[in-house]
Amino acid sequence: MARYGMVIDLKRCIGCNACTLACKQENGTPEGVHFARVVTREVGTYPATKRTFLPVLCNHCSDAPCAEACPTGATYIRPDGIVLVDKEKCIGCRACNVACPYMNRHYVAKGMLKHGYGTDGLTPYEAIKFMDFEEGTNIKCALCAPRVDQGLEPACVITCPTDARIFGDVEDSNGKLQRLIKDRKGWTLSPEYNTKPNVFYLDE
Amino acid sequence: MSSSAGNEGEKVTTQSVGIANHRFAFGYYRQTFWNWLIGVAFFLGGLGAGLFVLALLTDHTAGMLAGYLIVVVGKNTAHMLFLGRPERFWRAAMRPDRSWIARGIWAMGFFAVSGLILLLPRVLGPAWRLSDWLNGAAAAVAILSAIIIMFYDGFVMNSSPGVAFWRTRLLPLLLLMYATLGGSTLSLTIRELRGEVTPSFLPNLEHGLLVVNFVLLAAYLPRMNRSLPAARETLRQWLSGPYTRAFFGLVLLVGLLATLLLSVVQNHVHASGLVLLIAACELTGDFTLMMLLLRSGLFPVQTAAAYSERGI
C-alpha cells in the first residue's frame with residue numbers, strides 16, 4: 001500500500017499563492033480557513049533584504065498527534081497515510097487543534113457557515129460546498145482524497161505554476177519522491193516534535 | 001531579539017522571531033483553541049474534586065456537597081458550553097485506552113455516581129444509606145475518581161504536543177497540588193463561615209501546599225528553559241513579557257505569598273472577613289495560573305533547522 005505525501009521544492013516556489021486559491025476553490029472552505037497557505041518571511045536587514053516563502057499544508061504525519069489526541073476516533077489515518085476527519089464523530093473539543101504543532105487543523109465555529117466571502121449570505125457555490133462542513137466540528141486538508149481516489153493529483157499540486165509540488169508515494173524506494181528526498185536532502189517541518197511528517201521540503 | 005512578525009515594512013533580521021498575527025505570517029502562533037471556558041472547567045474540576053476529597057476524609061458534609069456541585073454542575077457546564085457538538089459528548093468516552101480526555105470523562109462519571117451514593121444519606125437522611133460495604137466501595141471510588149479529576153487535565157495538556165510549554169510530566173503534578181491547595185482553602189473557608197471546628201492539620205496542610213506549589217513552579221520554569229524554542233518563548237513572556245504582571249503579581253504574590261501570610265495571621269486572629277480574603281487570594285492565583293498556562297501556549301515557528309539556519 002502506498003503512503004501518500006508530497007515534496008515541495010522551495011527553490012521553485014515563487015509565493016504566488018496559487019496553491020492557496022486552488023485549495024480554496026477545490027474544498028470551498030469557509031472564510032479564514034486555509035488548508036494550504038504560504039508562510040511569508042522577510043529576512044536580512046535593509047537594504048539587503050529578501051522575502052522567502054514556505055508553502056504549508058497538513059503534513060499527513062505517520063505519527064499524527066491529532067489522531068492520537070482525538071478522544072472519539074473522529075480523526076483517523078487511512079491505510080494510504082491520508083489523515084482524515086469523520087465529521088459525524090467529531091465533538092468539537094479541539095484537542096486536535098492543540099495537538100498539531102503545525103496549526104493545520106481548523107475549527108468551524110458557530111455561524112461560520114452562514115456567510116461567505118464578502119457577503120451576508122452564501123453564493124450558490126458556497127451553499128453547495130459548505131454542505132461538506134458542519135458547524136462545531138473540525139476540518140482539515142484531506143490531501144484531496146476524493147481526487148486521489150480517482151487517480152488524480154491534489155488541487156494544489158496540479159495548479160502550481162512552477163511545479164514546486166510533487167505528489168506521490170513517499171515510501172516507494174524507486175519513486176520520484178524518495179529520489180528527490182535522498183538526492184537533495186529533503187527535510188520536514190519541526191522534526192523535534194517527532195510526528196514523522198510526509199510533506200518534505202527541498203532547498204538544495 | 002524579538003519582534004512582531006507579519007507587519008509590512010518592518011525591519012526583520014534572520015534571528016528575529018515574534019508572534020505571528022495570522023497564519024500566513026512567520027513566527028510563533030498563539031494557542032487560542034482552548035479558551036477561558038476550558039480554563040474554567042479545568043479550574044473548577046481541580047477545585048471541586050480537591051474540596052470533595054478533603055471533606056470526605058474529614059467527614060464534612062457541606063464541603064462534600066459543595067465540591068460535588070462544583071465538579072458535576074460547574075465543570076461539566078463549562079465543558080458542555082465549550083464543545084462544538086455537546087450532544088455528542090458521550091463519544092469522547094470511547095477511547096479510554098488512548099485518550100486522557102476519555103479517562104477524565106470516565107472519572108467524572110464514576111465520581112458523579114459514587115459521590116451521589118455518599119451524599120444522599122448525608123443530605124436526605126439515613127433512609128438513603130446503602131449497605132456498609134457499598135458505602136465503603138463508593139467512598140473508595142469517589143476518592144480515586146476525584147484524584148484523577150484533580151490531575152487528568154495536566155495529562156490532557158501534556159499529551160498535546162503542539163504546545164511545547166505543556167510538555168513536561170511536572171504539569172499533572174503541579175495541577176494536582178494546586179487542586180489540593182484550592183480544596184483545602186475552600187474547606188477552611190466553608191468551615192470558618194459556618195462556625196465549625198477546623199481539624200488542626202488543615203491549616204498546616206494549607207501552608208505546606210503553598211510552599212510545595214512554589215517549589216513546583218520554581219522547578220517548572222527552569223525545565224521550560226531547557227525545552228523547545230516555543231516553550232522558551234512562553235517562559236520569556238511570563239518572566240519579561242506580556243504575562244509578567246499576571247505571573248509575578250497574581251500567581252506568585254497574591255496566590256502564594258499573600259495567601260501564606262494571611263493564613264498565618266488567620267491562625268491567630270480567626271476572622272471571617274480574613275478567611276474570605278485568603279480564599280479570594282488563593283483562588284485568584286490558582287485561576288490565573290490555569291489561564292496563563294492556556295493563553296500563553298505557543299505553537300512552533302513553521303520552519304526546520306536547515307531552513308532557519310540558511311535564512312532563506
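**Exercise 1. Work out which residues and elements build the contact between chain B and chain A.**

Start with the head count: chain B puts in 41 residues and chain A puts in 47 residues, where two residues touch if their C-beta atoms, placed from the backbone, lie within 7 Å. A quick note before going on: this is a predicted model, with local features needing pLDDT of at least 70, side-chain atom pairs counting only at pLDDT 80 or more, and totals for chains, interfaces and linings using all residues. Residues are numbered from 1 along each chain as its sequence is written, and chains are lettered from A and ligands numbered from 1 in the order in which they are written.

Next, look for the elements on the chain B side. Those giving two or more residues are α3 (100-124) and α10 (305-310) of chain B; helices here are DSSP runs of H or I with at least four residues, numbered from the N terminus. The largest share, three residues, is from α10(B).

Last, sort this side by class: 22 residues are nonpolar, eleven polar and eight charged. (Ala, Val, Leu, Ile, Met, Phe, Trp, Tyr, Cys and Pro count as nonpolar, Asp, Glu, Lys and Arg as charged, and the others, Gly among them, as polar.)

**Exercise 2. Decide whether Leu56(B) is buried or exposed, and list what it touches.**

Then count: Leu56(B) has 21 C-beta neighbours inside 10 Å, so it's buried. (The cut-off for buried is 20 or more other C-beta atoms within 10 Å, with 12 or fewer for exposed and partly exposed in between.)

For contacts, skip residues up to four places away in sequence, and you get Met64(B), Ala139(B), Ala142(B) and Ile143(B).

**Exercise 3. Describe how α1(B) packs on α4(B), then do the other helix pairs.**

Two packed helices are described by the angle between their axes and the distance between the axes. For α1(B) and α4(B), the angle is about 150° and the axes are 8 Å apart. The two helices are therefore roughly antiparallel, the label for angles over 145 degrees. Their crossing is left-handed. Among the residues that meet are Phe52(B) and Leu56(B) from α1(B), with Ala139(B) and Ile149(B) from α4(B). By class, this contact has twelve nonpolar, three polar and one charged residues.

Now α4(B), residues 132-158, with α5(B), residues 170-193: the axes come within 7 Å and cross at roughly 150°. That makes this pair roughly antiparallel too, but the crossing is right-handed. The contact includes Met150(B) and Phe151(B) of α4(B), plus Leu171(B) and Pro172(B) of α5(B).

Finish with α8(B), residues 244-269, and α9(B), residues 272-295: they pack at about 155° with axes 8 Å apart. So α8(B) is roughly antiparallel to α9(B), and they cross left-handed. Their contact divides into 17 nonpolar, seven polar and two charged residues.

Conventions. Axes fitted to C-alpha atoms, helices over the stretch in contact; angles between N-to-C directions. Parallel < 35°, antiparallel > 145°, perpendicular 65-115°, else oblique. Left-handed = near helix turned anticlockwise from the far one by under 90°.
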